[in-house]
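The following exercises ask for a careful reading of one side chain and its surroundings, each with a worked solution.

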Amino acid sequence: MSDREQEQFVFGYGSLVAVTAPEDRAVPAVLRGHRRGWTTAMDNADAIPGYKRYVDPRTGLAPDVCVAFLDVRPHPGGTVNGVCRPVDTAALAALDHRERNYDRVDVSALIDGVAGRVWTYRGSAAGRARRDGALPDGRLVVARAYVELVEAAFTAAGPDALRAYRATTDPPGCPARELIF
């Protein structure tokens with residue numbers, strides 16, 4: 001099989017762990033040399049056509065906050081648990097659009113047991129700068145539903161998966177807030 005025909009995967013370590021399909025072929029995996037944290041964010045004050053925007057469910061208004069998301073960063077000796085999902089070119093394009101605060105990077109050499117090219121999404125410089133800028137101003141929050149979705153996905157994967165998630169994830173350092181999109 002040539003490189004062009006090689007199967008491709010996406011390593012999910014947050015909300016992508018929760019994605020399921022009728023014929024889900026996701027396999028548990030570990031990304032070596034990384035650590036997970038809440039180190040990228042979107043600015044909810046910017047209304048970007050075709051992209052999510054969070055609202056406060058009580059008021060229906062979009063608060064002027066930056067919403068933090070999980071991210072992975074190189075960390076010698078670290079590991080991050082998650083899943084590898086097979087993807088085709090169309091699915092990668094859709095994920096590239098969805099993950100607009102991230103850069104897609106090849107991590108094939110850092111994941112064992114998967115035959116093919118493995119991509120993951122690592123926070124973009126702009127996404128990390130938004131997080132870093134919002135934190136000291138008190139504008140950084142995490143969406144409580146996102147935190148619950150990710151924890152539920154790792155819970156469903158088994159007690160060891162949730163334990164590993166918690167052990168390899170830095171706390172957000174900001175409050176959780178009720179937000180919907």
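**Exercise 1.** Determine which side chain forms a polar contact with the side chain of Thr169, and at what distance.

*Solution.* The side chains of Thr169 and Arg36 are joined by a polar contact of 2.7 Å, a term that denotes a pair of N or O atoms within 3.5 Å, where within protein one must be able to donate a hydrogen and the other to accept it, and where residues adjacent in sequence count only if both atoms are side-chain atoms. The model is predicted, so local features need pLDDT of at least 70 and side-chain atom pairs count only at pLDDT 80 or more, whereas totals for chains, interfaces and linings use all residues. Residues are numbered from 1 along each chain as its sequence is written, and side-chain values use heavy atoms, with hydrogens and water left out.

**Exercise 2.** Locate Thr169 in the chain and describe its surroundings.

*Solution.* Start with the secondary structure: Thr169 lies in the loop between α5 (159–167) and β7 (176–177), where helices (H or I, at least four residues) and strands (E, at least two) are DSSP runs numbered from the N terminus. Next, the side chain of Thr169 reaches the backbone oxygen of Tyr165 at 2.5 Å. Finally, when neighbours within four places in sequence are left aside, Thr169 is in contact (heavy atoms within 4.5 Å) with Arg35, Arg36, Trp38 and Leu70.

**Exercise 3.** Decide whether Thr169 is buried or exposed.

*Solution.* The relative accessible area of Thr169 is 12%; because buried means under 20%, exposed over 50% and partly exposed in between (1.4 Å probe, protein chains only), Thr169 is buried.
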